[in-house]
Amino acid sequence: MVLKKIGRINFANLYPIFYCLENPHKAVNEHYEFTDGVPSEINALLRKGLIDAGPSSSIEYLRNPHLYNLIDGHSVSSFGRIMSIILFSRAEIEALDGKTVLSSYQAETSTGLLQIVLRKFYNLNVEIKTSRAPLMEGIMEHPAYLLIGDNALIEAASQQNNALQRYDLGTIWYEQTGVPFVFALWISRKRCEGSEVAELQTKLDAAKAQAVESFDSIAVKSPYTRQFSTETLVSYWRTISYDLTGKHMTGLELFGKYLRELGLL
Ligand SMILES: C=C(O[C@@H]1C=C(C(=O)O)C=C[C@H]1O)C(=O)O
C-alpha cells in the first residue's frame with residue numbers, strides 16, 4: 001500500500017524535522033498528508049490504521065510490534081536531561097510514597113517511565129492517574145503531576161511554579177542506567193510497501209541532516225518564538241538525540257525489560 005498519511009506530533013521537539021520534511025530545500029513536499037496530534041492521539045491513529053506512519057511513543061511499538069515496522073535511524077531520545085519530560089511536585093520525590101500522582105493524557109511512554117522511576121528506582125508505592133487538567137489545577141488536589149512536551153517546557157519556565165520541585169525523567173533514567181532513553185520512534189504500518197518506507201526513511205535522513213545544520217534559522221522562523229527565546233529553542237533541540245543507534249536500542253530494550261518486570265507490557 002502507498003504510504004501517504006503521516007502523523008505529526010505537534011510539539012516543539014519534532015518541529016525542525018517536520019519543517020525540513022515538509023519543505024525540503026524550501027520546496028513544498030506534496031507527497032504526504034499530515035495529521036496533527038499529541039503522542040497519545042498519534043498512537044491511536046496508527047493503531048487503528050487511520051494513518052500509515054509517524055513518530056509514535058516508543059511504548060506503542062513495544063506493545064504492538066506485530067503491527068509495525070521500525071523506521072531505522074530516527075527517534076526522539078536523550079542521553080540524560082531532556083527538558084520536556086518533567087515531574088512537577090509539591091514535595092520531595094521520596095514523600096510521594098502511598099500517594100496518587102497525575103500524568104498527562106498526552107503521554108504514554110513517559111507514563112511508563114514514571115512508573116519505573118517511582119516504583120523501581122525509588123521503591124515507592126504510587127498510583128498514577130491520567131489527567132487533562134492544567135498543572136495548577138491538578139497540583140492542588142494531587143502532590144505531583146507529570147507533564148510532557150510543550151506544556152512541560154512552558155510550565156518549567158514559568159516563575160509561578162517556583163515553589164514546585166522539578167524532576168527531569170531523562171536525567172533520572174540516565175543516572176540510574178547509563179543508557180539513553182528513547183521517547184519516540186518512527187514506525188510504519190506493516191501493510192506499507194517496502195519501497196515507500198525506504199523512501200520515507202531517505203526523506204527523514206535528509207530532513208534530519210538539514211534540520212541539525214539549521215536549528216538557528218528554523219528557530220527564528222518558528223511559531224515558538226512567541227513562547228521561547230531562540231536560544232532556549234536551539235538548546236532544547238541540541239539536547240534531543242534524533243538518532244537511533246545501537247546504544248539507543250540498548251536503552252529501548254532495557255525500557256521494555258523494566259516495563260515487563262512491572263507488568264506494564
Ligand atoms: C521528549 C518528548 O518525548 C515525547 C514523549 C512521548 C510519550 O511520553 O509518549 C511520546 C513522544 C515524544 O514526543 C516530549 O514530548 O517532550
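Author: Contact here takes C-beta atoms, placed from the backbone, within 7 Å. Bear in mind that this is a predicted model, where local features need pLDDT of at least 70, side-chain atom pairs count only at pLDDT 80 or more, and totals for chains, interfaces and linings use all residues. Residues are numbered from 1 along each chain as its sequence is written.

Reader: How do the residues of the contact of H1 with H8 divide by class?

Author: Ala, Val, Leu, Ile, Met, Phe, Trp, Tyr, Cys and Pro count as nonpolar, Asp, Glu, Lys and Arg as charged, and the others, Gly among them, as polar. On that scheme the H1 and H8 contact has eight nonpolar, one polar and two charged residues.

Reader: Are H1 and H8 parallel, perpendicular or oblique to each other?

Author: Helix H1 covers residues 15–22 and helix H8 residues 194–213, and they pack at about 120° with axes 8 Å apart. Axes are lines fitted to C-alpha atoms, for helices over the stretch in contact, and angles run from 0 to 180 degrees between N-to-C directions. Under 35 degrees is roughly parallel, over 145 roughly antiparallel, 65 to 115 roughly perpendicular and the rest oblique. So H1 and H8 are oblique.

Reader: Is the crossing of H4 and H7 left-handed or right-handed?

Author: Helix H4 (residues 109–121) and helix H7 (residues 169–177) pack at about 50°, their axes 11 Å apart. A crossing is left-handed if the near helix is turned anticlockwise from the far one by less than a right angle, and right-handed if clockwise. For H4 and H7 the crossing is left-handed.

Reader: And which residues of H7 make the contact?

Author: H4 brings Ser-110, Leu-113, Leu-114, Val-117 and Phe-121 to the contact. By class, the contact of H4 with H7 has seven nonpolar, two polar and no charged residues. The H7 residues are Leu-169, Ile-172, Trp-173 and Gln-176.

Reader: Is Met-83 buried or exposed?

Author: Met-83 sits in the loop between strand S4 (68–78) and strand S5 (85–89), and its phi is positive, near 80°. Buried takes 20 or more other C-beta atoms within 10 Å of a residue's own, exposed 12 or fewer, and partly exposed is in between, with C-beta atoms placed from the backbone. With 20 such neighbours, Met-83 counts as buried.

Reader: What about Asn-123, buried or exposed?

Author: Asn-123 also has a positive phi, near 60°, and lies in the loop between H4 and strand S7 (127–131). With 9 other C-beta atoms within 10 Å, Asn-123 is exposed.

Reader: Which residues is Arg-166 in contact with, leaving aside its neighbours within four places in sequence?

Author: Arg-166 is found in strand S9 (residues 165–168). It is partly exposed, with 14 other C-beta atoms within 10 Å. Its contacts beyond those neighbours are Ile-86, Phe-88 and Ala-156.

Reader: Zooming out, how many helices and strands are there in the protein?

Author: Both are DSSP runs, numbered from the N terminus: helices are H or I with at least four residues, strands E with at least two. Buried residues make up 41% of the 265 residues. The tally is 11 helices and 10 strands.

How values were computed:
Two residues are in contact if their C-beta atoms, placed from the backbone, lie within 7 Å.
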